[in-house]
Amino acid sequence: MSQYKTQTHKIGVYLWIWALLFVFSFFSYMVDYLNFEGLLRWTLILAFMVSKAALIVAVFMHLFWERYAIVNVLLWPMTLMLLFVGIMAAESEYTVFTRLFYFVAGS
Amino acid sequence: MNRALSKLPKGWGGLTHDLGSDQRAFKGMPWGKAMMWIFLLSDTFIFMCVLISYMTGRASTAVSWPNPSVVFGLEVFGTSVPLLLIAIMTFVLISSSGTMAIAVKHGYEKNRKLCTIFLLLTAVCGATFVSMQAFEWTKLILHEGVRPWGNPFGAEQFGAFFFMITGFHGTHVTIGVIFLLIMARKTWRGDFDKGRKGFFTGVTSNYRAIEIMGLYWHFVDLVWVFIFAFFYLW
Amino acid sequence: MSDEHDYKIEAKAYTASSSGAAVSSGERPDEQELYHSKSWWTTYVFSQDAKYIGVQYICAATAIAILALVLSVLMRIQLAYPELNVLSPSAYYQAITMHGMIMVIFFLTALFLGGFGNLLIPLMCGARDMVFPYVNMMSFWIFLLSLLVLVASYFVPGGPTGAGWTLYPPQAITEGTPGNLWGLVLMLVSIVLFVVGFTMGGLNYVITVLQARAKGMTLMRLPLTVWGIFVATIIALLAFPALLAGGLMLLLDTVLGTSFYMPAIIAVSNFGKEVTTDGGSPILFQHLFWFFGHPEVYIVALPAFGIVSDLISVHARKNIFGYRMMVWAIVAIAALSFIVWAHHMFVAGMNPWFGFFFAITTLLIAIPTGIKMYNWVLTLWRGDIHFTVPMLFTLGFFITFLNGGLTGMFMGNVGTDIALSDTYFVVAHFHFTIGIAPVLVVFGALYHWFPLMTGRMLNEGLGKLHFWITFIGAYAIYFPMHYQGLQGVPRRYYEMYDSTYASSAGLNEFITIVTIVVAVSQLIFFYNVINSAIRGEKSKRNPWKANSLEWQTPTMPPKHGNWNELPVVYRWPYDFSVPGADKDYIPQNVPPSKVRKARVEKT
């Protein structure tokens, strides 16, 4: 097991990313504070969320420097989850349609 | 070993080379780290299923959903600030990720004292996060009448999803804090320097364990990023 | 040509060492830190040796399966002779629930992954043990705890849950369903414990296969048994999360009165407290459950596929036809298994457009499965087939799985499924595919690897008797159910009343009698196991003349640490009947210099 010597990064890398994470968190918070609405709100929320997640995974969890094998093994299963999100979004739309149609409309 | 690692083909060619080679598919990755990554993949799926259920519950409700910025707002100095406590919690958790990364760095550089200090700082941040979450729960349950089975703000599922999601996440943070304290003690005692055998597992201690702990801790922060965006901001 | 050049390693990326040392790459397998037990307790009870843990899993899973088998016999007696009232309606529903949950999750998943995985993965990969023996040990004990919690549900007020193994809300929680309070809680707690224990074990299996293989052992030189169990474990690590999330919310609905799944119902009584629910979505549970549930059946099937490939190549002395495609088929089945789940929900009232999507993916999954069937048959073609007991069970697998797979096509199509859903046709289909077929593989595998575990052979005569009764019997039990299903006989009915289905009373009686015969005849197997373990014929080393590494250890059964020196692998495990070789098999660790005359291809 002594074959695994690791080199460490300079502390600056972590501090810069730490700062960036604060900036993105601040902006996410501002989206709510300034009461953005609709598509702009959702796009901004998602964009900041994905950026923060990417920074944490790539830098703090070191994936940016790992070989492709582990990166691919970890990221491809996420497409499954995206499919599940899509299916359940469609299902929720159908559910709320049936609820409004049968329980609300015409009552 | 690092020189040998750097001689391997990189990029997509590296992917096919690694998967087609003998012995190891993940070159240069200790077993414990690979295990933690796959565990985190599995845990990610659990949280995603929970969040997808939340999405379904909220999107299919025929009753209006409460406004999180109002529910989780705080009255400070006479003005109500939306999501203030949540913003502070986010700040605390991100800071803990930062201190964790620095602790890992010091661990590999064998700076025993600095490593312990940053591990303890991380644990303190984690404990602060959990206490703030507990404060939030107390406020909602005792003062606002929010229950798992109903609440005065809107759809019944709001309370249910809130307690389930934050409870599940908070449990993960708490477990992380406990393990951080264990790691801090092992570091302070010099277990990693001496390669002392673990009490339960009998496995030789190594500073790699701090990096593996770090992966778990960053995962906990990562989940919070998603919860913050989907539950509180959306 | 020296041997070093003949095993495929990263050597290509490095310059070969000029001293001609065996390791030209500098990369060595990680030396494992084994736990050496010092007391009887830590050797045989809290064992950290994967071989022992594997046997523990096999025994625990078999024990709980016997309970499920007894439940199924009681169910059959109730169906054939309802006038005997051997099971009340509540007891019948509790029986089907416990039978289903035990057989699918606690028996087959634990047996294939925990039992055969632990026993075979380190050996077949050329490792000394699993990568984290302590966690591996804990995984078994948590599994045992989950079994105890499951059985405890028989002793709580209300008894075990009678909601069906699918545990659909709101009925699982409402009054009228047996065990809707304590029984359901204990079932869900048992499942949570199982998932925790399984994750600990599963991480071991996956990382051992990925990171702890011997020198020269590439992924494409692994026996298909390892591929089957490995891919099944990956599926499980990704599918059980959905069950955990769904089950957690069901638990909260039961205990706290939340409305994750509960629509507007006047009152639900939770442990003495009346609660009104509103706004929940029962179909959310179904989606979560089947997102887990469909991959789960492939978790059961894929190890069986892998084991079958190894059994037939050994017992027909022939290389598996199309090894690479077999591997890709396993991977393709695994990937596709995640996008077919809603074919269990065609009549559930989900979004109507889904039927189209999921029917297509369901029919697609038949393609890689079909490829595997063809390759098995082509492996047998012109092979030197030895009709040993493992071979017989494998042949039984082909016939039953083919039957089960074909009936799946009827239900994969939305139109025909509307008529067949919730009938005995479904019962027949899933018993053929995950009831009979993998169980035949389990038996075949146990006969095959018994010498590895005990150093003795199982009695061949008794084995053949056991096979014929089980195979013919199981066919006789489940084949008539197809006709019942086409008639429209519904599943989960505890008796036929004087409905139109009363006409199948004769068939029910026939099935029940055969069931009792088959169930009792399993005693032959147990007698064989116990008798042979004590005074069976001692087996030679490598009694089946197999190639894979588990038979190439210095001692048989393998000792702690498996090998003195870790093996080096030069070839795939299917070099059987190679033209020009002296013997009809060439083990994986035989260097090329020893088989110069054989026309071995580079693998």
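This is a predicted model: local features need pLDDT of at least 70, side-chain atom pairs count only at pLDDT 80 or more; totals for chains, interfaces and linings use all residues.
Visitor: How far apart are the ends of helix 6 of chain C?
Guide: The end C-alpha atoms of helix 6 of chain C are 47 Å apart. The helix runs over residues 224–256, and at 1.5 Å a residue its 33 residues should span 48 Å, so the two values agree.

Visitor: Where does helix 6 of chain C bend?
Guide: At L237(C), by about 30 degrees. A proline, P241(C), follows within four residues of that point.

Visitor: And is helix 6 of chain C mostly covered or mostly open?
Guide: Mostly covered: 31 of the 33 residues in helix 6 of chain C are buried.

Visitor: Let's zoom out. How many helices and strands does chain C have?
Guide: Chain C has 15 helices and two strands. Its radius of gyration is 25 Å, close to the 25 Å that the globule rule gives for 603 residues, so chain C is as compact as a globular protein of that length.

Visitor: What box do the C-alpha atoms of chain C fill?
Guide: Roughly 85 × 50 × 45 Å, taken along the principal axes.

Visitor: What share of the residues in chain C is buried?
Guide: Buried residues come to 56% of the 603 in chain C. As for contacts in chain C between residues at least 6 apart in sequence, 77% join residues at least 24 apart.

Visitor: OK, then which residues other than glycine have a positive phi?
Guide: Among them are D422(C), with phi near 60 degrees, and S577(C), with phi near 45 degrees. D422(C) belongs to the loop between helix 12 (414–420) and helix 13 (424–454) of chain C, while S577(C) is in the segment after helix 15 of chain C.

Visitor: Why does D422(C) count as partly exposed?
Guide: D422(C) has 15 other C-beta atoms within 10 Å. A residue needs 20 or more to be buried and 12 or fewer to be exposed, so a count in between means partly exposed. S577(C) is partly exposed as well, with 17 other C-beta atoms within 10 Å.

Visitor: What about S421(C), where is that?
Guide: S421(C) is in the loop between helix 12 and helix 13 of chain C. With 19 C-beta neighbours inside 10 Å, S421(C) counts as partly exposed.

Visitor: Which residues does S421(C) touch, leaving aside neighbours within four places in sequence?
Guide: S421(C) is in contact with F346(C), V347(C) and V426(C). The C-alpha atoms of S421(C) and H344(C) are 8.6 Å apart, although 77 residues separate the two along the chain.

Visitor: Switching to the other chains: how many residues of chain B are in contact with chain C?
Guide: 41 residues of chain B are in contact with 45 residues of chain C. On the chain B side, two or more residues each come from helix 1 (2–7), helix 2 (11–20), helix 3 (31–59) and helix 7 (157–189).

Visitor: Which of those helices gives the most?
Guide: Helix 3 of chain B, with 13 residues. The side of chain B that touches chain C is made up of 23 nonpolar, 14 polar and four charged residues.

Visitor: And how many residues are in the contact between chain B and chain A?
Guide: That contact takes 47 residues from chain B and 48 from chain A. Helix 5 of chain B gives the largest share of the chain B side, 10 residues. By type, the side of chain B that touches chain A has 31 nonpolar, 11 polar and five charged residues.

Visitor: Last one: which parts of chain A does UniProt annotate as "transmembrane region"?
Guide: The unreviewed UniProt entry puts that annotation on residues 12–30, 42–61 and 68–90 of chain A. In the model, residues 42–61 of chain A are 95% helix and 0% strand, with end C-alpha atoms 27 Å apart. Residues 68–90 of chain A are 96% helix and 0% strand, and their end C-alpha atoms are 34 Å apart.

Terms used:
Residues are numbered from 1 along each chain as its sequence is written. Chains are lettered from A and ligands numbered from 1 in the order in which they are written. Two residues are in contact if their C-beta atoms, placed from the backbone, lie within 7 Å. Ala, Val, Leu, Ile, Met, Phe, Trp, Tyr, Cys and Pro count as nonpolar, Asp, Glu, Lys and Arg as charged, and the others, Gly among them, as polar. The radius of gyration is taken over C-alpha atoms; the globule rule is 2.2 Å times the number of residues to the power 0.38. UniProt positions are given in the numbering used here, feature names are shortened, and annotations may be inferred rather than shown by experiment. The expected span of a helix is 1.5 Å times one less than its number of residues. The bend at a residue is the angle between axes fitted to the seven residues ending there and the seven starting there.
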